[in-house]
Amino acid sequence: MRVDEADQWGAWMAAAQGGHGGAYRRLLGELRTWLLRYFARRLPPAQVEDAVQETLIAIHEKRHTYDPARPFRPWLAAVARYKWIDRLRAMGRERTDELPDTIGVEDHESEVTSALLLRDLIARLKPAQQQAIRLVKLDGYSVEEASARTGQSPSLVKVNIHRGLKQLAAIVGQAPDDE
Amino acid sequence: MTSETLLDELASGLTPVRLRSARRDGMVLGALALVELALFLMLGLQRPDMGHAMAEPSFWWKLATLGLLAAVAIATAVRSFDPSVAPHRGLRWAAWLAGSALLIGWGIDATHHATAPLLARLEWRAGVSCLVSMVLLSLPMLIALTVLMRRGAPAHRSESALAAGLGAAAWGAFVFFFRCGHDDPLYIVFWYGLGCVLTALAGRALLPLITRW
């Protein structure tokens, strides 16, 4: 995002706060593109579109909290990061189903980027947490299978997943905004 | 729903919004605080020996600590209802303030030459009554902060909730301070500390649940 682009977005948001639908529609269109890029680097591809839409709705509902006297970018990045952390937490609560062996994949770029980012994040956890999250959340094993492979009891696998994801959310929460 | 449809829906029928202002929120809370304190004093609930108490160092220690803690925590909470403002620095200040207050209290206690046993100095029956009063007096501020937090967009909900809980707790204790006739630093640290911790933890536990966005 260029500086003049951010200024333009701030001006459009200020106009939207005054009820200018045209400026708002243009702003949302550009934010959607920005958010797609933002989440593609941070979430599994299947979750990107949902995260973008959720964030756009949050931006809409909380548009009164943007102060037009201040830069737009930090506000946008904060909202996007909040929704990202929310997604990570939700991933921790969701039940993981095994994926079928034959699943069509069109483009690997975003998967590779997400995988690299996830690998760096996961490497900062304890080994037992890394194992549990890799097997159950990334490789699609059931808790029982992960238990048999790691030697951890099923409840310990669950605890390690829960604590690991919580730790990941905390790491992400402390990271500075970028993009 | 496709993104394009969503964008059209969001942009259609857009109405002007009233901008959130941390300054206005602060003024609302300040007015609420003044009204609560004025009502409390107008009802004649202040301690009868106020003049005598003012000569004690513990009076000013309590006044300054609770007032500053309430101001710092409430300001931290209100600022953090803006998604781009994190409450961590404010919370560190509040922790530093609380730690300093404990040290000063320990210093005052050392010059107090109390002879009674520790448990007797805590005066359990009066302490529980103080605790309940403090928590009740913190409720108006806690409710107001919850309303403002729901209208805002705190990106660090748990920490904002903790700041709000702590601010409301310190304010409740500040109001009650005008009523409380106990000047023993040990009593104050224990019961006021417990009251603040309980309310702050309640805020930390409950507010994130009702301010999700």
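I took buried as under 20% relative accessible area with a 1.4 Å probe, protein chains only. The largest core has 55 residues, and Met13(A), Tyr24(A), Phe39(A), Leu56(A) and Phe72(A) have the most contacts inside it. Helix H4 of chain A (residues 72–93) gives the most to this core, 10 residues. I noted a separate core of 54 residues, including Ala101(B), Leu131(B), Leu148(B) and Ala164(B).

**Basis.** This is a predicted model, in which local features need pLDDT of at least 70 and side-chain atom pairs count only at pLDDT 80 or more, while totals for chains, interfaces and linings use all residues. Residues are numbered from 1 along each chain as its sequence is written, chains are lettered from A and ligands numbered from 1 in the order written, and side-chain values use heavy atoms, without hydrogens and water.

**Tyr24(A).** I listed its contacts (heavy atoms within 4.5 Å). Leaving aside neighbours within four places in sequence, Tyr24(A) touches Met13(A), Ala16(A), Ile59(A), His60(A) and Arg63(A), and from chain B Leu10(B), Ala11(B) and Leu14(B).

**H3(A) and H1(B).** Helices here are DSSP runs of H or I, at least four residues, numbered from the N terminus. Axes are lines fitted to C-alpha atoms over the stretch in contact, with angles from 0 to 180 degrees between N-to-C directions. The axes of H3(A) (residues 45–61) and H1(B) (residues 3–11) come within 11 Å and cross at roughly 5°. H3(A) contributes Glu49(A), Gln53(A), Leu56(A), Ile57(A) and His60(A) to the contact, and H1(B) contributes Ser3(B), Leu6(B), Leu7(B) and Leu10(B). Among the residues buried in H3(A) I found Gln53(A), Leu56(A) and His60(A).

**H6(A) and H8(A).** Helix H6(A) (residues 127–138) packs on helix H8(A) (residues 154–174) at about 100°, with the axes 8 Å apart. I therefore marked H6(A) as roughly perpendicular to H8(A), which covers 65 to 115 degrees. Ala128(A), Gln129(A), Ala132(A), Ile133(A), Val136(A) and Lys137(A) of H6(A) meet Val157(A), Asn160(A), Ile161(A), Arg163(A), Gly164(A) and Leu165(A) of H8(A).

**Chain B.** I counted 9 helices and 0 strands in chain B. Its C-alpha trace spans about 75 × 35 × 25 Å along the principal axes. Of the 213 residues in chain B, 46% are buried.

Definitions and conventions:
Helix = DSSP H or I, 4+ residues; strand = E, 2+ residues; numbered from the N terminus. Core = buried A, V, L, I, M, F, W, Y, C linked by side-chain atoms within 4.5 Å. Buried < 20%, exposed > 50% of the residue type's maximum accessible area, 1.4 Å probe, protein only. Parallel < 35°, antiparallel > 145°, perpendicular 65-115°, else oblique.
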